Amino acid sequence: MIQSKDLEKIFAATSDYVEAKEYESWERYFTHLLTSMTRDTPNAYSKSTLNKFYITDKSIRKMEELFPVSIRDRLE
């Protein structure tokens, strides 16, 4: 859904990117990352108001594909 050449590297070694002094948790780091990557785009992310882009059927299917099979089975 969000394209970046660095995302795979970040996901593979998150601890190399998250500075504990700056972010209290990985969730805060990834929220900041998503917010900054999508700023000034049609799919801008905000925790306060979820952009419609993230709740379209297509987006939801893409997210579900990332879940382990055991969780996907429960969604059906």
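Guide: Let us start with a term: a residue is buried under 20% relative accessible area, exposed over 50% and partly exposed in between, with a 1.4 Å probe and protein chains only. This is a predicted model, where local features need pLDDT of at least 70, side-chain atom pairs count only at pLDDT 80 or more, and totals for chains, interfaces and linings use all residues. Residues are numbered from 1 along each chain as its sequence is written, and side-chain values use heavy atoms, leaving out hydrogens and water.

Visitor: Thanks! Is Asp40 buried or exposed?

Guide: Asp40 counts as exposed, because its relative accessibility is 78%. Its phi is near 60 degrees, a positive value in a residue other than glycine.

Visitor: How is a pair of aromatic rings described?

Guide: By the distance of the centres and the angle of the planes. Rings of Phe, Tyr and Trp (its six-membered ring) pair if their centres lie within 6.5 Å; planes under 30 degrees apart count as stacked, over 60 as edge-to-face and the rest as tilted. Here the count comes to 5 aromatic pairs. In one of them, the ring centres of Phe11 and Phe30 are 5.7 Å apart and the planes are at 35 degrees, so this pair is tilted.

Visitor: Which of these two counts as exposed?

Guide: Phe11 does, at 54% relative accessibility, while Phe30 is partly exposed at 23%. Tyr45 and Tyr54 form an edge-to-face pair, 5.7 Å centre to centre with 90 degrees between the planes; both of these tyrosines are buried.

Visitor: Which residues form one aromatic cluster?

Guide: That cluster consists of Phe11, Tyr23, Tyr29 and Phe30.
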